Structures are given as C-alpha cells and as structure tokens.
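Student: I'd like to learn how to read a structure like this one. Could we go through it together, starting at the surface?

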Amino acid sequence: MGKVTGIGGLFFRSKDHVALGKWYEKYFGIKTVGSGEVWKTEAGTTVFAPFKADTKYFSEPQQFMVNFRVNGLDEFLETLKADGIKIDEHREEMSMGKFAWVYDPDGNKIELWEPTPENEWRDDA
C-alpha cells in the first residue's frame, strides 16, 4: 500500500517570484526550482497543523505559515537583523523549543523553531 513519506514541495504565489526565490536562497539556503537544484533538508520533525479560519496566530490574508527548524536560533536572528530583515520582537520558549517569527519581502510571516534535543527526532539519531 502506498503512503506519504514527507513534504515534496511548497508552492505559493508572489508579486515577484524571482526576487522572493533569491531571498529565500540567500537567507534560508533554500534552492528554488529556477536555480536548477533542489533543496535537500535534514531529516527531522515536521508538524502539520490546520488552524481555525479565524486564527490570530498569523495575519490575514495569509493562508498558510511556514515553520522552519533551525539550529542556533539567536545567532540566525542576529544575521537576519543585520541585513534589515523584519523580525517580530515576540519570542517564545516552551518545552518543545524556542520560537521566533520573521517576515519575507512579500510580508509573509515565517515561524522559526529551534527544537529542544528531546523534540528533535532524526532518522540518524
């Protein structure tokens, strides 16, 4: 029987898809289809969580929010801040890890998550 083994892609609209693709590659290391390469991720936890239509967790009219797992969240935020990336001042730290939020050039809110060691599942662990 067939089964889903992971997320194979993320597709969304942009006012300037070429510039936005270059932004994600520069700051997050994500290769876009236009680069001729594919982004290879490290194995780890992926959360899939539909939210209520009236959620305040991310703003309207944004229909989705990407959560990226990161190592060295504080250092990563300092790098983004130095380049003038819009960063939400709100931070959260809970049993599953540390969270912060930034915005891409289109205004999409992006969640950054540094999992605690016990919440970072890996195939190679």
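Tutor: Happy to! Keep in mind that this is a predicted model. On the surface, Leu-10, Phe-12 and Phe-64 form a nonpolar patch, and together they have about 250 Å² of accessible area.

Student: Which residues does Asn-108 touch, and is Asn-108 buried or exposed?

Tutor: Leaving out residues up to four places away in sequence, Asn-108 touches Phe-12, Gln-62, Val-102 and Tyr-103. Asn-108 lies in the loop between β3 and β4, and with a relative accessible area of 18% it is buried.

Student: Now the sheet. How should I read the strand order?

Tutor: The general idea is that strands of a sheet pair through backbone hydrogen bonds, either parallel or antiparallel. Here four strands form an open sheet with mixed pairing, in the order β1-β4-β3-β2. The edge strands, each pairing on one side only, are β1 (67-69) and β2 (87-94). On average, neighbouring strands of this sheet are turned by 20 degrees against each other, direction ignored.

Student: How many bridges join β2 to strand β3?

Tutor: Five, and these two strands run antiparallel. As one example, Met-94 has Gly-97 in β3 as its bridge partner.

Student: What do the helices do around the sheet?

Tutor: Helix α1 (residues 17-28) packs on the sheet and touches β1, β3 and β4 (109-115), with its direction at about 20 degrees to that of β4. Helix α2 (residues 73-82) lies across β2, β3 and β4 and runs at about 15 degrees to β3.

Student: How many salt bridges does a search of the whole structure find?

Tutor: The search finds four. To count, a side-chain nitrogen of Lys or Arg must be within 4 Å of a carboxyl oxygen of Asp or Glu. One of them joins Lys-31 and Glu-25, at 3.1 Å from N to O.

Student: Which residues are linked in a network of salt bridges?

Tutor: Asp-74, Lys-98 and Glu-114. In the Asp-74 and Lys-98 pair, the closest N and O atoms are 3.0 Å apart; this pair links helix α2 with strand β3, 24 residues apart. Glu-114 meets Lys-98 at 3.6 Å, N to O. Glu-114 lies in strand β4 and Lys-98 in strand β3, so this pair ties together parts 16 residues apart in sequence.

Conventions
Residues are numbered from 1 along each chain as its sequence is written. This is a predicted model: local features need pLDDT of at least 70, side-chain atom pairs count only at pLDDT 80 or more; totals for chains, interfaces and linings use all residues. Side-chain values use heavy atoms; hydrogens and water are left out. Two strands pair if DSSP finds at least two bridges between them. Axes are lines fitted to C-alpha atoms, for helices over the stretch in contact, and angles run from 0 to 180 degrees between N-to-C directions. Contact means heavy atoms within 4.5 Å. Patches are made of residues with over 30% relative accessible area and no salt bridge: like charges are joined within 9 Å, nonpolar side chains (Val, Leu, Ile, Met, Phe, Trp, Tyr) within 5 Å. Accessible areas come from the Shrake-Rupley method with a 1.4 Å probe; for residues, only the protein chains shown count as cover. Buried means under 20% relative accessible area, exposed over 50%, partly exposed in between (1.4 Å probe, protein chains only).
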